[in-house]
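Me: I am new to this structure. Please show me how to read a few of its features.

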Amino acid sequence: MKISINRLKDFILLHQTSEEIADMLTQSGLEVEGIQRFDSVPGGLEGIVIGEVLTFESHPNADKLSLTTVDTGSEVVPIVCGAPNVAKGQKVVVATVGTTLYPKGGDSFVIKKAKIRGEASQGMICAEDELGLGESHAGIMVLDTDLPNGTPAAEYFNIKHDDVLEIGLTPNRADAASHLGVARDLKAILRSEVCLPSVKDFGVDNTSRTVEVEVESSEDCPRYAGLTISNLKVGPSPDWLQNYLKALDLEPINNVVDITNYILHDLGQPLHAFDADKLAGDKIVVKKLASGTEFITLDEKERKLTGDELMICDAEKGLCMAGVFGGLGSGVTEGTTAIFLESAYFSPDVIRKGSQHHGLKTDASFRFERGTDPNMPIYALKRAALLLKEIAGGEITSEIVDLYPNPVSDFEVSVKYKNITRLIGKHIDKEEIKSILTHLDIKVEDETEESFKAIVKPYRVDVTREADIIEEILRIYGFEKVELTEHYSSDFLAEHPAKDSNKLQYRLSELLGGFGYQEIITNSLTKPQYVEKSGYLNAEANVEILNKLSEDLGVMRQTMLFTGLEVLAHNINRRQKDLRFFEFGTTYKKIAEGYQEDQVLALFLTGDKASESWLEPSKKVSFPDLYSVVERLLEKLSLPELNMEIVHESPFDYALSLSLGKNPVGKIGLLSDKVCRLAEVKQEVFYAELNWDYLLKKASGLKKYQEISKFPEVRRDLSLVISKEVTFDQIRQLAVKAGGKLLNRIGVFDVYQGDKIDSDKKAYALSFYLQDNEKTLTDKVIEKTMGRLMQSFENEINALIRK
């Protein structure tokens, strides 16, 4: 958002520099991202002065050039000139050496000392187009003035300069989306007053042209006001208005449209002007039109309405998409002589719907979507009407129509002084608090020793709670005035925010990307046949689509499996067989109470671990490859220890079921050939499906890593002969319990089943890594820890230990 310093000074008395004003606003929460210089003529005619031609003679080496000497006030310089109208005694415009010129329709260039056909030239006598003042290049500009030589040309031509603030407006500060809004913040910072332009001269000239107004829904349009202005002449705006708009990077159009834009950026109140002669039935109706209605906007594009847009209509047709964009047929043109001027307060919700659906982002919709001031429309209307009378020569030919059946009330917020001190972290004097709030146009009523009631005007849509009032006090009082204590602490008046699921998902996506997995996004709609032929999904739980586009997209997916398999098939059919995919998505089920949605993380692994090379042959992926990735994901989320169980159930040939207590977390395993062939995948696929909702709930945040221990790690190996029924997870849990904090990790380096041991037995060769982060382990401590481990294995799982 751009704010003109010159215009800001019309609202509030300012002696500070532009940089100081920018700093004050930034400290108060309106971050100034930059300051741009604006000149009504490019370059501001800096370095260009009024001079006098003292001598004139023809160039000895060029027929069309002349040699002159020119008095520039500070010195007399030689200048070679090619203009046919240069003569002795003329007052001219001179660009001195080092000046940058910005000619019309050309690139800028710097004036340098030069020799032209052998003669010295130290400057340039300028034509109109070379200065950027016009289009003429017929000759140099000859001035009729008594100003002394050396007078800056900017003074003669009345060039306007301005500093323009670029403010990064946050979405909650809709009240500051204007010069008036920014001036209100400066009012509170400087404890000064804001001066609004007077409208006391407003008056109705006659009632010769009235327009009937009807609003069908006061919820969508709580306030609608307007009047007619007749006998005006549409034409270019005066220089002051054009310069104001150009400073804000707006292109002047004509005096009527420019005034509406001026009011919008001045007061934050959008206006719209309709050609009154194009209003069928001399009537305005604010309503919604039927879905499918065709409407041509000012950009000459035909748009089909959805039925949710609020429209401004006459007795026959739509004229304008309310608060968003005007229609082609009702706009102001050069031939317009009478207008109906609209000033309204629309519901932010209805404006946002229309703007978003049609992709129309305008200065008006920007403000209406965030909430404008319901008490501003009449003042803005009067201010615009007076300007139109002054600039376009019109007369006000109707009373103001103001439909406002349910006036918007001020907000009442109860505030306790102790909460102000608690949240800010510093005691602020009560008189200081009341002064800040008063200068923010927030009234203080029903004050006691402990509390008061704050009355907030409705244009402050972001100030509705006690914490908001305290924030207002703090930002004006100054964050820098709150001293930091030796012991940092924080306080709050609301509940702690929920875990940031997006951040956790992003971090896991980064981790999976590091493992070589690629993210896919698949359609939530899928084939009903998958459920029917899978043999393990319930067809009665399908969420069917009533207006389905095809039979292949007839139901919402119950599992992420089949849409992911389709992506595998697509790639495999194109000879890309070594694939690692993951997807965060939603599954859908119909249940007795209605419908259920679950957030799921799915992983797919198929093909070879790496391409075949001279170094080693290709090797197929296996279950541990996928399990290790899942293990790292769960570790990253700092989850409690999970229970594991081997299962043999669809859609897997075999799988590992993960749970936390009695709550299932997910499954990892090899998909059955039957399931894969439903999606036309003909190679082995390892698949993991994890309950992302439950993982988020139980995750204690991303794992924090610590510095590597300065003390050495010790490895001890054991060989266990155990029953085939004993799982590695049982061994791991026993080891963690017996090893305590000294057990860093466990590794398996061999598994044996064969004729050298009983047929119902298996042998694990395990490595145990011990480490103390505070000291070096002694042999005594190591042997004691290993003794506990061996005793636990022997007692709990009847292990035979080979030492």
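Below, we take a helix, a sheet and some salt bridges in turn.

Reply: This is a predicted model, where local features need pLDDT of at least 70, side-chain atom pairs count only at pLDDT 80 or more, and totals for chains, interfaces and linings use all residues. Residues are numbered from 1 along each chain as its sequence is written, and side-chain values use heavy atoms, without hydrogens and water.

Me: How many residues of α9 are buried?

Reply: Helices (H or I, at least four residues) and strands (E, at least two) are DSSP runs, numbered from the N terminus. Buried means under 20% relative accessible area, exposed over 50%, partly exposed in between (1.4 Å probe, protein chains only). In α9, 13 of the 16 residues are buried, so the rest of the structure largely encloses this helix. Gly393 follows α9, with a positive phi near 70°.

Me: What is the strand order in the open sheet of three strands?

Reply: Strands of a sheet pair through backbone hydrogen bonds, either parallel or antiparallel. Two strands count as paired if DSSP finds at least two bridges between them. Here the order is β30-β32-β31, with antiparallel pairing. β30 and β31 stand at the edges with a single partner strand each, so one side of each has no neighbour in the sheet.

Me: Which side chain does Glu432 meet in a salt bridge?

Reply: Side chains of opposite charge can pair when their charged atoms come close. A salt bridge puts a side-chain nitrogen of Lys or Arg within 4 Å of a carboxyl oxygen of Asp or Glu. Glu432 meets Arg191 at 3.3 Å, N to O. The two are 241 residues apart and link distant parts of the chain. The count comes to 43 salt bridges.
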